[in-house]
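Here are a few quick notes to read with the model open beside you.

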Amino acid sequence: THRPLRRADRALSRDEALAVLDDAPFATVATVDEDGMPYNVPLSFARRGDTLYFHSTREGGLKADCFRRDIRACATAGTGVRVFFEDGDFSTSYRSAMAFGRMREVDDPAEFKHALVALCMKLVPAHKHDIGHAMEMEGPNTAVWALDIDELTGKARPLPASVDTS
């Protein structure tokens with residue numbers, strides 16, 4: 001369990017935090033390397049239920065090594081970031097979500113396929129008719145990782161109505 005938000009008035013509901021994840025173009029996924037050094041990598045992702053899906057090459061690299069060594073991870077995403085000036089001060093409006101959970105490599109063929117379709121539909125929906133061919137070509141070289149969400153938090157600061165948006 002993580003500590004409560006300092007600004008509880010900015011807390012998002014679970015559904016609102018899930019909506020931030022759905023709207024975000026990418027998330028940064030934090031883990032640690034074998035020496036305990038923080039490792040945080042930006043990744044494209046898609047959500048299905050309480051799971052976030054990421055893809056990589058089968059070869060993996062440091063990211064996959066970290067996920068295998070210590071499955072604990074945190075994915076953070078944000079949307080609507082805007083700096084504004086109000087009452088003599090600069091501030092930022094935003095919506096953010098943090099998903100804490102455990103990583104696993106997806107080996108189930110059906111889940112693997114559904115995850116890749118979800119990724120493609122989020123990232124390149126105009127090419128939905130090309131997904132099958134792309135999976136045939138690249139599927140054998142692709143790994144899919146899942147972050148099963150154990151805890152989810154969200155926070156937002158809306159743009160004040162008094163701020164001129166023109």
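1. Glu111 is buried, at a relative accessible area of 17% (buried means under 20%, exposed over 50%, partly exposed in between; 1.4 Å probe, protein chains only). Bear in mind that this is a predicted model, where local features need pLDDT of at least 70, side-chain atom pairs count only at pLDDT 80 or more, and totals for chains, interfaces and linings use all residues. Residues are numbered from 1 along each chain as its sequence is written, and side-chain values use heavy atoms, with hydrogens and water left out.

2. Glu111 belongs to helix 3, residues 109-123 (helices are DSSP runs of H or I, at least four residues, and strands are runs of E, at least two, numbered from the N terminus). Setting aside neighbours within four places in sequence, Glu111 is in contact with Tyr53, Arg104 and Val106 (heavy atoms within 4.5 Å).

3. Now the sheet: an open one of 7 strands, in the order 2-1-5-6-7-4-3, with antiparallel pairing (two strands pair if DSSP finds at least two bridges between them). Strand 2 (38-43) and strand 3 (46-48) are at the edges with a single partner strand each, so one side of each has no neighbour in the sheet.

4. What joins strand 3 to strand 4? There are 3 bridges between strand 3 and strand 4 (residues 51-57), and the two run antiparallel. Arg48 stands opposite Thr51 in strand 4.
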